[in-house]
Amino acid sequence: MAALSYSSSKPISSSYQALNYRLVLLLTLLPLTVAFFAFILQWQGGFIDPLLSSPDPFQFPGMDYPGSNSSPHRRSVSDCVDVLGQSRSPAFPYFKDWNFKFGSNLRPKICIVSSTAAGLEQILPWIFYHKVIGVSTFFLFVEGKAASLVVSKVLESIPGVEVIYRTKELEEQQAKSRIWNETWLAKFFYKPCNHELFVKQTLNMEMAIVMSRDAGMDWIIHLDTDELIHPSSAREYSVRQLLADLPVDVDMVVFPNYESCVERDDIIEPFTEVSMFKKNFDHLPIEAYLGNYRRAIRGNPNYFLTYGNGKAAARIQDHLRPHGAHRWHNYMKAPKEIKLDEAAVLHYTYTKFSDLTSRRDRCGCKPTKEDVKKCFMLEFDRAAFIIASTATEEEMLRWYRHHVVWTNKALNLKLLKRGILTRIYTPMAIIQGLRESGVFGSVLQSAQTLSKDKFLSVESSNFPSVDKQIGVKESQATARRILDINDNFSGGSAIPPLSPPVPDDFHI
């Protein structure tokens, strides 16, 4: 039996060895086979990748590689090319002849109305940043530099941007607005500088409501081109997602504003060079606000240099009207309003030394304490105007460094730790990514393909006929009179730019 058992075990051992050999062979061949099939699947048979061929319709905008056959005129659009920048490597998935028609069916649809005289170096990053975070349409009421041939030509070439020029026809149209016969804006009528701008912005907002409804928009926001929405509380950093998550009965959303705190006096591009901001009172514990108020104002008249009452978004609906540049209202009801706890508007104010003189040049007010009160609503604007009008450039720079530039690093760190100041990098990263991808350069180049004749005159078609919708009266502008309207939902006087509260406003 023992011999039989021993002899029968030999074939069994032999079969085990054969099985092990096959298993090792299988484990060796399997990864080699997978690698071979992966190579076959990725092999393009020698065809040239269209994204790598140049010049080619698929070339990324702004990618003018050294030694390429790109024609020299592609870099001669304007001086803005150097400011807005071009890239040598693709960082953003845009092709030449790009557009933002993707996601056109996404809801809600959001539009921004703005009154601006800025140049392309400010307006282009502002537009495309807001496109990235979910804004689809822009109604730009332009004058000054923004209405020049070169700038307006580029703006009109951008999908989703409507350019409205300040012409005699537009002024006559707005002179017939029902607003002139109502009381809520009356105290700002026929006053210079900031008051005139405030009325102009309100009339532009009224027209934009009609235009936004015709365009099928769901929400409208009024912003200046030195302001960026910061939807920090939203998923995916999207203002569209932020508004989509709101209850359906909410009519208006207030974004508290944060104010820029520049750390140098030689800022060129604020959107990508400024990262420190002072938080709004609404986003701070009252103890922190009051406890650090004196340190935070640094000898200035108020906690913020300029306004502190934020900006608002309104749901497009019947009887909607502006309530000044910072709020919206409704002729038939008191709108339901909420204030956001985290999202904000980033206000890049006085970020460049040249802002002192540019603001001065837009107003013909006399530089006296009495006269500036008639021209400007906020204390710091008044002081800045007087300095810019009376001081030498060296004195202006010294004043700017003392009142605007945050050079005390120890104080900055202390206020950052206490939550008064905060660092915000997301807008900076988005705009820098757009610049490095060549998007801005591509816009400038694309504008050159349009006919020059189209921009040599302002066509009447640029001004939508809104006489019926905005409540035109038969009376002419010269026969305006203010009516005492009994309106239960008037909302009182329009809300102007307001400074943040001072410690004396609190009664603890």
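**Sheet, helix packing and burial in a predicted model**

Student: What makes β2 and β3 count as paired strands in this predicted model?

Tutor: Strand β2, residues 137-142, is joined to β3 by five bridges, and the two run parallel. Pairing requires at least two bridges, so β2 and β3, with five, count as paired. Within this pair, valine 142 stands opposite tyrosine 165 of β3.

Student: Which strands does helix α6 touch?

Tutor: Helix α6, residues 194-214, packs on the sheet and touches β1 (110-116), β2, β3 and β4 (219-222). The direction of α6 makes about 145° with that of β2.

Student: What is the order of the strands, and why are β3 and β12 said to stand at the edges?

Tutor: The open sheet has seven strands in the order β3-β2-β1-β4-β9-β6-β12, with mixed pairing. β3 (161-165) and β12 (337-339) each have a single partner strand, so one side of each lacks a neighbour in the sheet. On average, neighbouring strands of this sheet are turned by 20° against each other, direction ignored.

Student: Why is serine 152 called buried?

Tutor: Serine 152 belongs to helix α4, residues 149-156. Its relative accessibility is 2%, and buried means under 20%; serine 152 therefore counts as buried. The C-alpha atoms of serine 152 and tyrosine 165 are separated by 9.2 Å, with the two residues 13 apart along the chain.

Student: Why is α3 called roughly perpendicular to α17?

Tutor: Helix α3 (residues 120-132) packs with helix α17 (residues 439-447) at an angle of about 115°, and their axes are 11 Å apart. The class roughly perpendicular covers 65 to 115 degrees, so α3 is placed in that class relative to α17. The crossing of α3 past α17 is right-handed.

Student: Which residues make this contact, and how many of them are nonpolar, polar or charged?

Tutor: From α3 come Leu120, Leu124, Pro125 and Phe128, and from α17 come Val439, Phe440, Val443 and Leu444. Val, Leu, Phe and Pro are among the types that count as nonpolar, so the contact of α3 with α17 has eight nonpolar, no polar and no charged residues.

Student: Which residues of helix α16 are buried?

Tutor: In α16, residues 426-436, the buried residues are Pro427, Met428, Ile430, Ile431, Gly433, Leu434 and Arg435. Just after α16, glycine 438 takes a positive phi of about 85°.

Key: Residues are numbered from 1 along each chain as its sequence is written. This is a predicted model: local features need pLDDT of at least 70, side-chain atom pairs count only at pLDDT 80 or more; totals for chains, interfaces and linings use all residues. Side-chain values use heavy atoms; hydrogens and water are left out. Helices (H or I, at least four residues) and strands (E, at least two) are DSSP runs, numbered from the N terminus. Axes are lines fitted to C-alpha atoms, for helices over the stretch in contact, and angles run from 0 to 180 degrees between N-to-C directions. Contact means heavy atoms within 4.5 Å. Buried means under 20% relative accessible area, exposed over 50%, partly exposed in between (1.4 Å probe, protein chains only). Angles under 35 degrees count as roughly parallel, over 145 as roughly antiparallel, 65 to 115 as roughly perpendicular and the rest as oblique. A crossing is left-handed if the near helix is turned anticlockwise from the far one by less than a right angle, and right-handed if clockwise.
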